[in-house]
Amino acid sequence: MSFKSLAAALALVILVPAAQAQTQVVPGSREQVKLTFAPVARQVAPAVVNIYTKRVVRAAASPLFADPFFRRFFGDVPGMSQERVQRSLGSGVLIAADGTVVTNHHVIKDADEVTVVLSDRREFEARIVGSDDRTDLAVLKIDGGRESFPTLTLGDSDAIEVGDVVMAVGNPFGVGQTVTQGIVSALARTNVGVSDVQSFIQTDAAINPGNSGGALVDLQGRLIGINTAIYSKDGGSNGIGFAIPTALVRQVAASIAKGGKVVRPWLGASGQAVTADLAQALKLPRPIGVLVNHIHGESPAARGGLADGDIIVAVEGREVDDPEGMRFRLATLPIGADARLTVLRNGAERTITVRLVAPPETPPRDKTDIAGRNPFSGATLVNLNPALAEEIGINSGLTGVMIFAIKRGSVANRLGLQPGDMLMKINERPVSSVADARRLLEAEQPRWAITIKRNGEVMSLVLGG
């Protein structure tokens, strides 16, 4: 036997477990050597679909036609706007035999038409049941009459471990259904920047544009994640892909199916990640958890006995390292559920149980468009409440009057005011509600002094004499 043949034989040595010892043998047949993922691919493929979207975009034929001054004198001129069709592609997963499909929000965002193509090339027009940009998930429905569609079983994403072998199935670059294989590279990835509620599964299975919304499955063919993003410098796969765990997919899909939108449970507490410096100051053995620094007075957290200075280290027995991870764990629970929080208080560990509720609409939003001769003309003001804060993805403990929107070219726009600014004072008088702001803005003033807070920084502006 040549050296080359010997090396090849040694490379195929396998371990045969025995009660008394492990013996090494050379495979004696092709079946012992052959390793294939074909059975899993055959099982999974029929339930993974291709998604094609169409959107009609109207744009001015010339920048001149978009000029408000020109339109003021000439109105709408025939041919002043042109229509073009934008097309995009992605993937999706059938999770119910009635034709329920889960995909990414960004795959179907602003689409006028959505077409779902099955692996056997049949096409169906899809209806958007609901979509949630904060989790980047959407639910579609296709109608097959009395037909039952193939589906994927939702697996337990909390049971997977780093190093587990996984497969990604989708429609990369529109070439058609494609299967790639890799391992779970990391778990609970936050700060990826894809969505507000994030704790992603990271994988090195090749994921490319068009794979978004497709399936990440284990070797039993169970869905463990929805592929949603890649880390790439050139648009192609560099071996770092991210999937939304089924723990979140299951809850979001159920919420959308029930009411067409996602209502996330509200804890009413916020805080910051425990850094290495904080851990040293707090005499913790390692950085872990979320240090609570604000609790809403009428929240489940307050009623459950959570206190400022507590460190939440786990939700339902699952460790959390930062506020993003805590939000993810809470978002996987239904409204009305009892959430078990593992908390460190004065160095001792305790369990606090809180009953999760929907974020309240208190105080009422009182959404108001401001007009007249004042600095906020063209701005829309709202009373910030926990429900609104959850919708737009900001700290639900914030209260006060917020600028919700600003019209382009308005006085507020020209003064540099921005959506998200918190209105603190008008002419040195505190503003605690939209009603306060309306009252203070009703009378014309020769001089305006306003105070706002932006990203935690207080700013003042004085206009007039």
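Select helix α9 and colour Pro323, Glu324, Gly325, Met326, Phe328, Arg329, Leu330 and Ala331, for these residues of α9 are buried. Buried here means under 20% relative accessible area, exposed means over 50%, and partly exposed lies in between, with a 1.4 Å probe and protein chains only. The model on the screen is predicted: local features need pLDDT of at least 70, side-chain atom pairs count only at pLDDT 80 or more, and totals for chains, interfaces and linings use all residues. Residues are numbered from 1 along each chain as its sequence is written, and side-chain values use heavy atoms, with hydrogens and water left out.

**First stop: helix α9**

Helix α9 spans residues 323–331 and is mostly covered, since eight of its nine residues are buried. Helices (H or I, at least four residues) and strands (E, at least two) are DSSP runs, numbered from the N terminus. Next, show what surrounds the helix: its buried residues pack against β15 (241–245), α6, β16 (269–273), β17 (290–295), β18 (311–315) and β19 (318–319). Contact means heavy atoms within 4.5 Å.

**Second stop: the cavity**

Now select Gln251, Val252, Ser255, Val262, Val263, Arg264, Pro265, Ala331 and Leu333, which line the largest cavity. One of these residues, Ala331, also belongs to the buried set of α9. How much space lies in the largest cavity? The volume is about 40 Å³, and the count comes to one cavity of 30 Å³ or more. A cavity is a set of points on a 1 Å grid over the protein atoms alone where a 1.4 Å probe fits but cannot get out; lining residues have an atom within 4 Å of a point. Grid points are joined across faces, edges and corners, and a volume is the space filled by probe spheres set on the points. Helix α6 gives the most to this lining, with three residues.

Move along to Thr246, which is found in helix α6 (residues 246–259). Is Thr246 buried or exposed? Thr246 is buried, because its relative accessible area is 0%. Display its surroundings: apart from residues up to four places away in sequence, Thr246 touches Gly155, Asp156, Ser157, Leu223, Ile224 and Gly225. For Ser157, draw a distance from the backbone nitrogen to a polar atom of the Thr246 side chain, which lies 3.4 Å away.

Select Phe124 and Phe149, both of which are buried. Rings of Phe, Tyr and Trp (its six-membered ring) pair if their centres lie within 6.5 Å; planes under 30 degrees apart count as stacked, over 60 as edge-to-face and the rest as tilted. The count comes to two aromatic pairs by this rule. In the pair selected here, the ring centres of Phe124 and Phe149 are 5.4 Å apart and the planes stand at 85°, so the arrangement is edge-to-face. Phe124 lies in strand β7 (residues 123–125) and Phe149 in the loop between β9 (137–141) and β10 (165–170), so the pair ties together parts that are 25 residues apart in sequence.

Go to Glu390 in helix α10 (residues 386–392). Glu390 counts as buried because its relative accessible area is 16%. Which residues does Glu390 touch, not counting those up to four places away in sequence? They are Arg134, Arg264, Trp266, Pro359 and Ser396.

Then select Asp436 in helix α12 (residues 434–442). Asp436 counts as buried at 17% relative accessibility. Leaving aside neighbours within four places in sequence, Asp436 is in contact with Pro430 and Val431.

**Last stop: backbone details in loops**

Select the loop between β21 (348–355) and β22 (368–369), where Pro363 is found. The peptide bond from Thr362 to Pro363 is cis, with omega near 0°. Asp366 is also in the loop between β21 and β22. Phi of Asp366 is near 50°, a positive value in a residue other than glycine, and Asp366 is partly exposed at 31% relative accessibility.

Finally, select Asp110 in the loop between α5 (105–108) and β6 (113–117). Its phi is near 65°, again positive in a residue other than glycine. Asp110 is partly exposed, with a relative accessible area of 47%.

Zoom out to close the tour. The protein chain has 12 helices and 28 strands, and buried residues make up 44% of its 465 residues.

Methods. A polar contact is a pair of N or O atoms within 3.5 Å; within protein, one must be able to donate a hydrogen and the other to accept it, and residues adjacent in sequence count only if both atoms are side-chain atoms. On a 1 Å grid over the protein atoms alone, a cavity is a set of points where a 1.4 Å probe fits but cannot get out, and a pocket is an open set with protein on both sides within 12 Å along at least five of seven lines; lining residues have an atom within 4 Å of a point.
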